[in-house]
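Hello,

Here is the structure for you to look over. My notes follow below it.

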Amino acid sequence: MNKRITLWIISLFAVTPVMADIDQTKGNGLYGFVTQGYFKTNTNNFYGKSQSGSFDFNEIGVGAGFVLNDTVSVGGLLLSRKAGNADNGSVRLDNLVFDVKALRGENSITGVRLGRNKIPFGFYNATRDMAMTRPTLLLPQSVYHDHSRNFLINADGLEAYHERWDDESYTRFALLYEKNNGIDNPQTEIYFMGMDWPGKLNPDYATGATFTHTFNNTKTRVAGFYGHLPTKYKPGTVDPLTSGEITTDVMWLSGMHEIMPKLTLTAEAFLPRIAYDGLGPLIPNRNVYPLGWYLQATYAHSNSLEFYGRYDQTYKDKFDKSGEKNSAATGMPKHSFYASDWTVGLNYFYSPSLIISAEFHRINGTAFLPRLDNPDPSMTSERWNMFGLQASYNFR
Amino acid sequence: MVIIANPSTSTNAVSQSEARLIFSNDIKAWKSGEQIAVITMRRTDEAYSRFTQEVLNLYPYQIERAINRKRYAGTAQSEIVAVSAEEMLKLVASIPGAIGYIHKKAASNMPSIKILEVRNE
């Protein structure tokens, strides 16, 4: 813990002299946040030993952005995240982007973002760890998996984009060519291969395309994402698996409609295909189709209070919704292959920089329960409740 | 509250949705091609909260989320923060392409800025 605090102080001091030379009123700035959560579950563990109440969830970030000239700007963020046994709080470079606006028109910009980019799927993935950008305390776990989040966070490479606008709409397209950062770790191996095997997963360059379109006088927004992520498995010295490939193709669809300023309806769906090839008899060649979706309503009561409700659902294999076949094949309980979650909650804006959130979940199934907090799946319960409380402070 | 702009801007009126797109940093240039410089008050300023609700028809936290989603993904923001109404007037008057907002009374009879009419939807 002490090491972590020291790192933060060092990073703050490292940034300060740079800041002193740049005029704050020119819109360049230092920004950041601290979030602390509390989770209580009646059974199963979510982010620490939540059955007895857990404070083992926090997020700290410090970032800076500089507009160097009309063409080039740079922005980056250091992030530390502690989440039970699933995330250890180490300080990471979350993003560092050089944005080159190569062509500027009167109603469009074409450019390229080089560096460590956030993976831009869904409405929220790019800023999933910043409480003040999330509409709810936790993002819907059916689609924004936190139990297998590592390979969904960021990638190094380039994003070429084109954005255009008129009086009432805004559209952005982007093509991605990047190497994913979060592939070689136990969490991602558990997600793709059921356990942490002796060998290594190595990512190839991934390709992707994304678009966002805001229209209908900015009241309606749709977004889509497609990504192709090839990954190679290299066996360890003693390894029952053979050298093979796991290829993930992901389609993501999002829609939002606002009846301003009071009501916002949001729905998103996550439609991946995971193809296994050449890993040997223990992981036979096959295609698996997971599925996740949610529907959410947010009611803005006043300039300091909003309420929300959500239903979300996820299946690890949409052709085995009850989990029977996968349970028979793996020995894992049936309920670990699906989850549905009713959530109600509220955000209270004590001030522009302090947000308090609370939410209650009623959950059937454990598909998104972090395995690292629940090492023995046979000890988990199908039906569980969770209460979450969170305070988040941000500055800029 | 009224929207004000540098007199050099070619525009005399904006729609409410155009204003939302400008202040959330989606629209980045005027129709003439001139770059837009967004001037805003501090988040704690009462004028900020009044502006978002009266002119944009959004609660402050709704537009904050949109802006933070860009900032925290590494998109550097080029908005300029004014610490007082006087500074808002001064910045909008002196920066070509600037847009800001102010109490209606403070903006009347000021030749150094112009008031943009907001067309409601």
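**Strand pairing in chain A**

S351(A) stands opposite L354(A) in β17(A). A hairpin joins β16(A) to β17(A) through 2 residues. The two strands, β16(A) (residues 338-351) and β17(A) (residues 354-365), run antiparallel and share 12 bridges. Strands here are DSSP runs of E, at least two residues long, and helices are runs of H or I, at least four; both are numbered from the N terminus. Two strands count as paired if DSSP finds at least two bridges between them.

β16(A) also pairs with β15(A) (residues 305-315), antiparallel over 11 bridges. There, G309(A) stands opposite V344(A) of β16(A).

**Ground rules**

This is a predicted model: local features need pLDDT of at least 70, side-chain atom pairs count only at pLDDT 80 or more, and totals for chains, interfaces and linings use all residues. Residues are numbered from 1 along each chain as its sequence is written, chains are lettered from A and ligands numbered from 1 in the order in which they are written, and side-chain values use heavy atoms, with hydrogens and water left out.

**The sheet in chain B**

Chain B has an open sheet of 6 strands with mixed pairing, in the order β2-β6-β1-β5-β3-β4. Its edge strands are β2(B) (13-15) and β4(B) (80-82), each pairing on one side only. β2(B) runs parallel to β6(B) (residues 114-119), with 3 bridges between them. One bridge pair is A13(B) with E117(B).

Helix α4(B) (residues 85-94) lies across β1, β3, β4 and β5 of chain B, at about 155° to β5(B). Axes are lines fitted to C-alpha atoms, for helices over the stretch in contact; angles run from 0 to 180 degrees between N-to-C directions.

**Where the chains meet**

40 residues of chain B contact 61 residues of chain A (contact: heavy atoms within 4.5 Å). Together the chains bury about 4,100 Å², 51% of it on carbon and sulfur atoms. Buried area is the accessible area (1.4 Å probe) that two parts lose on being put together, summed over both. R43(B), R69(B) and Y72(B) supply 20% of the area that chain B buries here, more than any other three residues.

The interface has 5 salt bridges (a side-chain nitrogen of Lys or Arg within 4 Å of a carboxyl oxygen of Asp or Glu). One salt bridge links E306(A) and R65(B), at 2.3 Å, N to O. On the chain B side, α1 (16-23), α2 (46-54) and α3 (60-71) each supply at least two residues. The largest share, 8 residues, comes from α3(B).

Best wishes
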